[in-house]
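Keep the viewer open as you read.

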Amino acid sequence: MNHEHKFPLITGQISLDLVNTEVVRHGTRYDLLASTEDVIAWVVTLQEQNTLYARQFSANVNEWADEALPLLKEVRLFLRQGYEQMANDQTLADNWVNHLEFLIKKAPFSYHIVDGALLPVPNGNSVDSLVALIAFNAINLFVTNELTNIHRCANPDCVLLFMDKKGRRKWCSMKICGNRNKVTRHQRRKEKGQQK
């Protein structure tokens with residue numbers, strides 16, 4: 001079953017995709033990781049997108065999703081605060097990287113070659129492994145200076161964050177907010193034309 005439509009996977013970065021599991025729809029903020037089933041659907045979606053691989057975990061997601069839910073929410077809040085600081089051109093707290101390193105220590109990595117690339121495989125229980133992969137991605141974005149490319153969507157009602165190296169992109173995604181903005185502008189022009 002494809003869950004891609006439920007989760008806005010707009011960045012290709014697991015740490016940002018986790019942050020983007022909170023969305024605003026019709027003025028209301030929704031948590032897309034509200035239940036164990038949501039965690040399962042999110043992990044399956046990431047596996048379908050080849051962002052995660054089943055071999056990176058010691059057990060099937062159905063066996064550990066319940067335990068992962070509160071920890072994912074805690075990590076998401078931590079990352080959101082840091083990523084929003086970066087989107088606001090602020091600096092990260094000194095202990096930001098230290099906390100991520102602590103999360104990785106719970107499930108340090110070995111590596112396997114998959115399709116000619118190194119695949120990090122955490123050594124720990126599956127929940128710690130997932131969190132370690134998320135933390136590793138966030139640290140990698142920090143070390144490569146890609147966090148300076150994080151932006152907020154131009155839609156003031158949207159909470160999604162995205163990466164843009166060129167600085168030209170305005171919307172989290174054309175599908176989500178870009179087209180919505182175009183439709184709104186078109187309707188306003190149409191209404192103005194009818195009022196004349």
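Two definitions first: a residue is buried when its relative accessible area is under 20%, exposed when that is over 50%, and partly exposed in between, with a 1.4 Å probe and protein chains only. Helices (H or I, at least four residues) and strands (E, at least two) are DSSP runs, numbered from the N terminus. What you have on screen is a predicted model, so local features need pLDDT of at least 70 and side-chain atom pairs count only at pLDDT 80 or more, while totals for chains, interfaces and linings use all residues. Residues are numbered from 1 along each chain as its sequence is written, and side-chain values use heavy atoms, with hydrogens and water left out.

Overall, the protein has six helices and six strands, which run α-β-β-α-α-α-β-β-α-β-β-α from the N terminus. Of its 196 residues, 46% are buried.

Now go to helix α4 (residues 96–105). Its buried residues are Trp96, Val97, Leu100, Leu103 and Ile104. They sit on the same side of α4, because they cover an arc of only 115 degrees around the axis, taking the arc from the directions from the helix axis to the C-beta atoms.

Pick out Tyr83: setting aside residues up to four places away in sequence, its contacts (heavy atoms within 4.5 Å) include Leu16, Trp96, Leu141 and Leu161.

Phe136, in helix α5 (residues 126–143), counts as partly exposed because its relative accessibility is 32%.

On to the charges. With a salt bridge taken as a side-chain nitrogen of Lys or Arg within 4 Å of a carboxyl oxygen of Asp or Glu, the count comes to eight. In one of them, Lys6 pairs with Asp38, the closest N and O atoms being 2.5 Å apart. This pair links distant parts of the chain, 32 residues apart: Lys6 is in the segment before α1 and Asp38 in helix α2. Asp38 is buried at 12% relative accessible area, whereas Lys6 is partly exposed at 27%.

Helix α3 comes back in the next two. Glu22 and Arg80 meet at 3.0 Å, N to O; Glu22 is in strand β1 and Arg80 in helix α3, so the pair ties together parts 58 residues apart in sequence. Asp31 and Arg76 meet at 2.8 Å, N to O, with Asp31 in strand β2 (residues 28–31) and Arg76 in helix α3, 45 residues apart in sequence. Arg76 is buried, with a relative accessible area of 4%. Through shared partners, salt bridges join Glu22, Arg29, Asp31, Lys73, Arg76, Arg80, Glu84 and Arg152 into one network.

Finish at Thr21, in the loop between α1 (14–19) and β1 (22–25). Thr21 counts as buried because its relative accessibility is 0%, and its contacts beyond four places in sequence include Asp31, Trp42 and Arg76.
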